[in-house]
Amino acid sequence: MTIYPVPSKWAAKAKIDAARYEAMYGEAASDPDSFWRREAQRLEWMTPFTKVKNTSFDETDFGIKWFEDGALNVAANCIDRHLAERADAVAILWEGDSPGEERRITYRDLHEEVGRLANALKANGVRKGDRVTIYLPMIPEAAFAMLACARIGAIHSVVFGGFSPDALAGRIQDCDSSLVITADEGLRGGKKVPLKTNVDEALARCTSVSRVLVVKRTGGDVRMKDGRDIWYHDALRAVSADCPPEAMDAEDPLFILYTSGSTGKPKGVLHTSGGYLVWASMTHEYVFDYRPGDIFWCAADVGWVTGHTYVVYGALANGATTLMYEGVLNYPDFSRFWQIVDKYQVDIFYGAPTALRALMREGDEWVKKTSRKSLRLLGSVGEPINPEAWEWYYRVVGEERCPIVDTWWQTETGGTMMTPLPGAHALKPGAASMPMFGVKPVIVDAEGCELGGATEGNLCITDSWPGQMRTVWGDHERFFQTYFSAYPGKYFTGDGCRRDEDGYYWITGRVDDVINVSGHRMGTAEIESALVAHAKVAEAAVVGYPHDLKGQGIYAYVTLNANEVESAEVRADLVQWVRHEIGPIATPDVIHFSPGLPKTRSGKIMRRILRKIAENDVSNLGDISTLADPSVVETLIASRAVDA
Ligand code: WT7
């Protein structure tokens, strides 16, 4: 493996060099109060805090509070604070789905748009603490909507536009949103996404929603329900732009974002105001070595946490110019990303390995016909990056000039937890590398014993950091059980991890029943329950398997009801069904019809065996003596060739 030393230019100029990393990491670990008191000054507080950290992961006094007696407004920190010096600087650079469609929103414009929308929300009954669901494409209104909620203290829940009406309904019901902000249609790669129609279908099942604001994006024909639906532009016309920001306690909720776990329905991850914004702003600055004037492009959708923290909150808190791209990587062709880089002279590009693999497969020409000279730093996020894709990113996209920050984090962590810092750490392709300031990782074995030195096991974090989630919406007990009960006193990440002889961390993937498909996190249990909800299905078990493009693919073992016949039609129908129940991101790659599933005598499905068969690694199935009926395994192995 090649190790890439820190380029001397970076070591000399970066905000954080090796010595500074050591000093800051050390201070954050040994004296968190003084470290975070200072870092928190990057924000403007309406009421200064006196207490910094008040956290415990122990069951007896469990609780997580940061800057608890301080007050601030997140939107004011992302907008108003910059007006004195950068009112005319571009806050959001928007590139539409089709080349040639663009918008430039200055901080002054942003102030006006957000103030007006905030007043429109109030005029439509939204109060501090109320929940607002945002179901929008990647258009500036998505950022306006998030910030307008923050301005008045409403809690937003952004639902990715690729989710189905069913999934949307579940997320609306779980947090009892009173208002939904959507668009007539989304536009991706020239294809229309029927957002408003999906909302209509979802709302047939939701009683809490009394208002829907609809952004006109495509002008497509949509039904507007009398007394419930209002055009966004009409709602804005009716109010003024002057909306003083609400003073929010540091621990007041900012947003809920639903994410999949190993069991049950998706969890509403709750982030609060002060700690989250300190974390978002600090990590955005240090991880990306962000400098005023940089054009920063995070290619994630705002429907995911990466979009929340780095397209919107972290970038805008730092007064950056954040690029928002509506479309996809191959429209009109596979050069699009790099054409956008050239068009706006992007300095920092942050994307997902799955996208890089898709681009890599198409050949270097699409990249090489663009300049990319403006790029200074590259980032990767969402899943482990395979060394091959890393090398391609480094050599072809970055022309060996740009360090790559491979940022490991989670919806739950609010922002980057591990990464190499470009001026401080030599790069090892595929390694999440080193912990961010304030992050104390440990690797434990199955019993919870901490393992020292070069080792491999389960990744836990032993102490709180400001960007940590505070609870699962409506289910604090589930929060504790999910993250703090497996290894008492520690936050369990759900990831496996290796530490090498240099102390670098390597994420090896999830160790629970969560899979990562194209950087999207899916609970296998969710896909299983969608499958068994189909009238023809008796039983289903879903596992992940290695997939060249997606990282992991979705492999579903399905047992049909006794009177049903396995056929290509049923298979196609099941695939459609899951797409409809959850959304296209959950499309099964393989449906393996299975007359029976391997179970223990107590009836527990042995997923370990199912994973091995899906991976086509059946030489070493391990101990199968506890199976109720070992012949099931033979049948599955024999039928794999047919189905997979
Ligand atoms: C899971 C979290 C990071 C925000 C977007 C995804 C995996 C994420 C990396 C990385 C290896 C990674 C982990 C993690 N993951 N980044 N750089 N290297 N694995 O957030 O949907 O909450 O998923 O994504 O398995 O637990 P998420």
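Modeller: Helix 8 gives the largest share of the lining of the second largest pocket, 6 residues. This is a predicted model: local features need pLDDT of at least 70, side-chain atom pairs count only at pLDDT 80 or more, and totals for chains, interfaces and linings use all residues. Residues are numbered from 1 along each chain as its sequence is written, and side-chain values use heavy atoms, with hydrogens and water left out.

Some terms come next. A pocket is an open set of points on a 1 Å grid over the protein atoms alone, where a 1.4 Å probe fits, with protein on both sides within 12 Å along at least five of seven lines; lining residues have an atom within 4 Å of a point. Helices are DSSP runs (H or I, at least four residues), numbered from the N terminus.

In all, 16 residues line the second largest pocket. Ala 167, Arg 171, Lys 265, Pro 266 and Glu 526 lie nearest its centre. Two elements give two or more residues to this lining: helix 8 (165-175) and helix 18 (524-532). Domain 1 (105-249) and domain 2 (518-639) each supply at least three residues to the lining; the bounds come from an automatic or database domain assignment.

By type, the lining holds 6 nonpolar, 4 polar and 6 charged residues. Here Ala, Val, Leu, Ile, Met, Phe, Trp, Tyr, Cys and Pro count as nonpolar, Asp, Glu, Lys and Arg as charged, and the others, Gly among them, as polar.

The space in the second largest pocket is about 370 Å³. That volume is the space filled by probe spheres set on the grid points, which are joined across faces, edges and corners.
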